[in-house]
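Here's a quick briefing on a protein chain with a ligand. Have a look at the model first, then read on.

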Amino acid sequence: MEDLNLSSSSIPVDEDYGVFEYLEDEEASSAYSVASSVYNFRVENGRRYHDYKDGHPFPYDEVSEENEQVLHAMILVLFDNKYFVSPIDESALHCIVDVGTGKGLWAEGVAERYPEAQVVGIDTVQHERSLQPNCSFILQDATDEWVLDDPSMKFDLVHIRNLFVGVRDWDALYAQCFEKMNSGGWIEQLEIEIDAQVDDESALPDSQIMKLCKFVDDMTAATGRDFRASSKMKTAIEEAGFVDVQEQKVKLPLGPWASDPKFKDIGRFFERFYKTGLQGWLLQICIRFFGWTLKQVNDACVQAFQEINSRQQHMYFTLVIVIGRKP
Ligand SMILES: C[S@@+](CC[C@H](N)C(=O)[O-])C[C@H]1O[C@@H](n2cnc3c(N)ncnc32)[C@H](O)[C@@H]1O
């Protein structure tokens, strides 16, 4: 894999950071309108959740869609407008699957880029018809046996991004990916580690963002859902039988504090990703399992956002990318 950033060294800091930036006075928003008309959705605390099987603890609505759009745009910037980093012979790319496709931004994008390939997106959320004739969506839990229109279909590329808490049995999912792939095909997974870090002296004492990261262990224990899939995926992908497995870690600055223009841009996207994601990641779990009120959740988010808006810290999260080949 090409080296994407600076994981082995500190991110150089823009000296003007915090001097010129307009500080948003932002609140955790529940003001987005939510259409509750979609068949298997329910609205809880102003956010919309789907009810497929045992549901998902994160909302699926206009705010989460923005969150997905921001992540999608950010990864395209990181990958210099490429859809994947696996060393695939593009002329041999016939069938592609996007597991946990969400809005299908990646699936439709890759379908447009490779019009000769067939692309399938799998998600527990119902989709509108794809705009790309070579892309289709299946409503299904990806951990169940995939019901494909053509059961003999085998994939040359399996893409998984930001799926983490949605899967309880990763081994079973990787085993199915392996079985449904062509020999020589690649699996590629991207997940963000939920551990904020600061490499220099800018860390604030009592950081709310750090506290929320540590709270993730309680959330994992309470829900039985794995918030730390990123730390295990390389081993699990190897154990599923894939070879040439490589892992790369990329630092994602939280805010535009990096001096490098590309990572300044990524920092802006990642700040927006965090701000559009945080309330949804906390809301249902904190209220159901820890007895928080909606106000407590929103206050926790506002505190975290104010910490970012203070423009004092050079904080980052780590994106983990794992690729592997089916022999
Ligand atoms: C955070 S979104 C990420 C969407 C997309 N992969 C991206 O990166 O833009 C996670 C998606 O995974 C879906 N998901 C979670 N668990 C799933 C499962 N077991 N089977 C299929 N889809 C799942 C959710 O419904 C949601 O749309």
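**Around the ligand**

The ligand is surrounded by 22 residues, and the closest are G100, G102, A142, R161 and G166; a residue counts as near if its C-beta atom, placed from the backbone, lies within 6 Å. Keep in mind that this is a predicted model: local features need pLDDT of at least 70, side-chain atom pairs count only at pLDDT 80 or more, and totals for chains, interfaces and linings use all residues. Residues are numbered from 1 along each chain as its sequence is written.

*Ligand shell*
- α1 (62-78), α2 (105-113) and β4 (118-123) each supply at least two shell residues, and α1 gives the most, with 3.
- Helices (H or I, at least four residues) and strands (E, at least two) are DSSP runs, numbered from the N terminus.

*Overall build*
- The protein chain has 7 helices and 9 strands.
- Its C-alpha atoms fill a box of roughly 55 × 45 × 35 Å along the principal axes.
- Buried residues (20 or more other C-beta atoms within 10 Å of their own, with C-beta atoms placed from the backbone) make up 41% of the 327 residues.

*The sheet*
- An open sheet of 7 strands runs β5-β4-β3-β6-β7-β9-β8, with mixed pairing; strands pair if DSSP finds at least two bridges between them.
- β5 (135-139) and β8 (243-253) are the edge strands, each pairing on one side only.
- β4 and β5 pair in the parallel sense over 5 bridges, and the bridge partner of G121 is F137 in β5.

Definitions and conventions: Buried ≥ 20, exposed ≤ 12 C-beta atoms within 10 Å, placed from the backbone.
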